[in-house]
Amino acid sequence: MKEGIFGGTFDPPHIGHLIAAESARESLGLDRIRFIPAAVPPHKRRPDITSGEKRLEMVRLAIQGNPAFIADERELRRKGTSYTIETIRELREELPGIEFTLLIGMDNLQEFRLWKEPEKIRTLAEVVALSRPGAVALGVVENGRGFRVVTIPLIEVSSSAIRRLVREGRSIRYLVPQEVEEMIMREGLYVHSPI
Ligand code: ATP
């Protein structure tokens, strides 16, 4: 059994996330993709971040209907700063038969060496870079060890672009699943978002 770990802020989840996860699942022959919303993303603090509860609900709405996608709330439950090394250690303990692949966007890969215990992470899971629009393939080789890169369709959408569109009163139709769009509208999310 092979499982991909896909972490992020997911504020909100969008079709770029879904297409990236599905494409990586297929290319890497993964049985499941585990979406893990971060509690406090260490390298990405925003004061106005949507509550973990709501981001988790949006992730659930976004992935519903795909049996290979699961939402995992452990980082939200753990609270405090979310460190991937802790998440992977926990998962390995809970699910000993599973081989884990950590999926990270090419843009985030450039910061991977700043994460907590990056080399330890690489002993517990394979780290695979997802090539993303606009990302430069810098830092792909760390300490002489390359990362496997998976090419995914280029989808020019980001959570920040969606927040900006909502704030400007513009359409986000088709950029997020319909249920996510409905929740954003119902809850009035991002209307006053600074970014
Ligand atoms: P923001 O715009 O707020 O920075 P984001 O759209 O990058 O957010 P995150 O939740 O930070 O969303 O992303 C989670 C993971 O998904 C990251 O590894 C990121 O690189 C990847 N990702 C985000 N958008 C895309 C996309 N359009 N295509 C491929 N991967 C993506």
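**Entry 1: S131**

I began with S131, which I located in strand 5 (strands are DSSP runs of E of at least two residues and helices are runs of H or I of at least four, both numbered from the N terminus). The model is a predicted one, in which local features need pLDDT of at least 70 and side-chain atom pairs count only at pLDDT 80 or more, while totals for chains, interfaces and linings use all residues. Residues are numbered from 1 along each chain as its sequence is written, and side-chain values use heavy atoms, with hydrogens and water left out.

I looked up the accessibility of S131 and found it to be 15%, so the residue counts as buried (buried is under 20% relative accessible area, exposed is over 50%, and partly exposed lies in between, with a 1.4 Å probe and protein chains only). Beyond four places in sequence, S131 touches M106, V149, V150, T151 and I152 (a contact means heavy atoms within 4.5 Å).

**Entry 2: P153**

I then turned to P153, in the loop between strand 8 (148-151) and helix 7. P153 is partly exposed, at a relative accessible area of 42%. Setting aside residues up to four places away, I noted that P153 touches I19 and S23.

**Entry 3: R34**

Is R34 buried or exposed? I found R34 buried, with a relative accessible area of 9%, and placed it in strand 2. Leaving out neighbours within four places, the contacts of R34 include E3, D72 and R74, as well as I5, F6 and L91.

L102 belongs to strand 4 (residues 99-105) and is buried, at a relative accessible area of 3%.

For L103, under the exclusion of neighbours within four places, I listed contacts with G4, I5, F6, A24, L28, I33, V128 and L130.

**Entry 4: Nonpolar cores**

Which residues touch the most other members of the largest nonpolar core? Among its 33 residues, these are F6, I33, F35, F69, L103, L130 and I184 (such a core is a set of buried Ala, Val, Leu, Ile, Met, Phe, Trp, Tyr and Cys residues joined through side-chain atoms within 4.5 Å). Two or more residues of this core come from each of helix 1 (15-28), strand 2 (32-37), helix 2 (52-63), strand 5 (126-131), helix 7 (159-167) and helix 8 (178-187). Another core, of 19 residues, lies apart from it and has I36, M106, W115 and I121 among its members.

**Entry 5: The whole chain**

I counted eight helices and eight strands in the chain. Of its 195 residues, 48% are buried. Among contacts between residues at least 6 apart in sequence, 72% join residues at least 24 apart.

The C-alpha atoms fill a box of roughly 45 × 35 × 30 Å along the principal axes. The radius of gyration is 16 Å, which agrees with the value near 16 Å for a compact globule of 195 residues (taken over C-alpha atoms, the rule being 2.2 Å times the number of residues to the power 0.38).
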